[in-house]
Amino acid sequence: MTTPRQATAVAPSNIALVKYWGKRDLDLNLPATGSISVTLDTLRTRTSVSFEPALEQDDFRLNGEDAPAHAARVTRFLDLVRRTYGVGEHARVETANDFPTGAGLASSASGFAALAVACDAALDLGLTTEQLSVLARRGSGSAARSLIGGFAEMQPGVAADGSDAFATALAAPEHLPLRVLVAVTTRAAKSIGSTEGMQRTEATSPFYGAWVAATRADLDAMRAALAAGDLERVGVIAERNCLRMHATMLGADPGLLYWNAATVDVMQAVRLLRESGVGAWFTIDAGPQVKVLCAASDEARVAQRLADLDGVVDILAAGPGAGARIVEDDALPKEQA
Ligand code: PMV
């Protein structure tokens, strides 16, 4: 082998505007419903992967340090790549996030999208964007959407092998002047991971069937709102879909409560902002951070209101951005203070 089997990719996070919470197949990580997201221009992961014959096992480093808590999941993904594409070597994987680590911000979407794209290039697999999205999905359902820039829709697919469960583009980043302010309410890692939370919800929440039906309707409504470029409709649907997801989780046994007091304070503050005439809407994933959606013209006012809240420890700002891609330079991004 003369050419090094090495590549570096950058992938962004994405925020679901209509969420995915439930799987139709656990092993293949197939979602029960579709989802719609906005891919962000900040909160990125940069991953370098190098397949090396001399390695006896995979070597994974996160922000320059060993990360045993994540290594098993990365190796599971690399095993899938090796099995599927007939690769023998183990890999050295160096990954870094350009957002503060330990902030309780999910990095699996950007992480597995970057890893999928880097593996494809390192091994010269020549996968299409759809195939890359299918591959990233095996690492994390939300990662399938980070392949696509701007606004993306995840297709749940119907095929038993999951080959039609990938994300497609709905609109380019500049389609909507949307800003996303992430109000960080704690730096502690989340307690219950999404797969375990989804399984518990499916098995025990009496509201799960209603959630699936409501999500399908919200997907139709969100697609129409995005096509019309109607930010207010997008915000209204995103907020209601988030509350429906959390209501369903709360109905599990035992109930899944991902919020803290500051999470609720931010939700109340966003609603008060709306009462005062400022367009702002919240959405929350399986954790205590609140993502606030607003127009670029209202960003300063919304950010100031969030910064005034006692429980908000940090605010990260983002807008719609490009999807995962290969980068030539393999320098790792500097972590923000
Ligand atoms: O695919 P995961 O494991 O990152 O789960 C995503 C779950 C939510 O963030 C709550 C919703 C979503 O669609 O991103």
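## Polar links between the domains

Between domain 1 and domain 2 of this predicted model, nine residue pairs are in polar contact, with both residues of each pair at pLDDT 80 or more. The count of salt bridges between domain 1 and domain 2 is two. A salt bridge also joins Arg 223 to Glu 153, and the closest N and O atoms of this pair are 2.8 Å apart.

## The side of domain 1 that touches domain 2

Three strands, namely strand 1 (5-18), strand 4 (35-52) and strand 8 (151-154), each supply at least two residues of the side of domain 1 that touches domain 2. Strand 4 gives the most to this side, contributing seven residues. When the residues on this side of domain 1 are sorted by class, 17 are nonpolar, eight are polar and four are charged.

## How the two domains are laid out

The domain assignment of the protein chain places residues 6-175 together with 321-327 in domain 1, and residues 178-318 in domain 2. The C-alpha centres of domain 1 and domain 2 lie 23 Å apart.

## Contact and buried area

Across the boundary, 29 residues of domain 1 are in contact with 47 residues of domain 2. The area buried between domain 1 and domain 2 comes to about 3000 Å², and carbon and sulfur atoms give 70% of that area. Of the area that domain 1 buries against domain 2, Leu 17, Lys 19 and Trp 21 supply 30%, which is more than any other three residues supply.

Note on methods:
Residues are numbered from 1 along each chain as its sequence is written. This is a predicted model: local features need pLDDT of at least 70, side-chain atom pairs count only at pLDDT 80 or more; totals for chains, interfaces and linings use all residues. Side-chain values use heavy atoms; hydrogens and water are left out. Domain bounds come from an automatic or database domain assignment. Contact means heavy atoms within 4.5 Å. Buried area is the accessible area (1.4 Å probe) that two parts lose on being put together, summed over both. A salt bridge is a side-chain nitrogen of Lys or Arg within 4 Å of a carboxyl oxygen of Asp or Glu. A polar contact is a pair of N or O atoms within 3.5 Å; within protein, one must be able to donate a hydrogen and the other to accept it, and residues adjacent in sequence count only if both atoms are side-chain atoms. Helices (H or I, at least four residues) and strands (E, at least two) are DSSP runs, numbered from the N terminus. Ala, Val, Leu, Ile, Met, Phe, Trp, Tyr, Cys and Pro count as nonpolar, Asp, Glu, Lys and Arg as charged, and the others, Gly among them, as polar.
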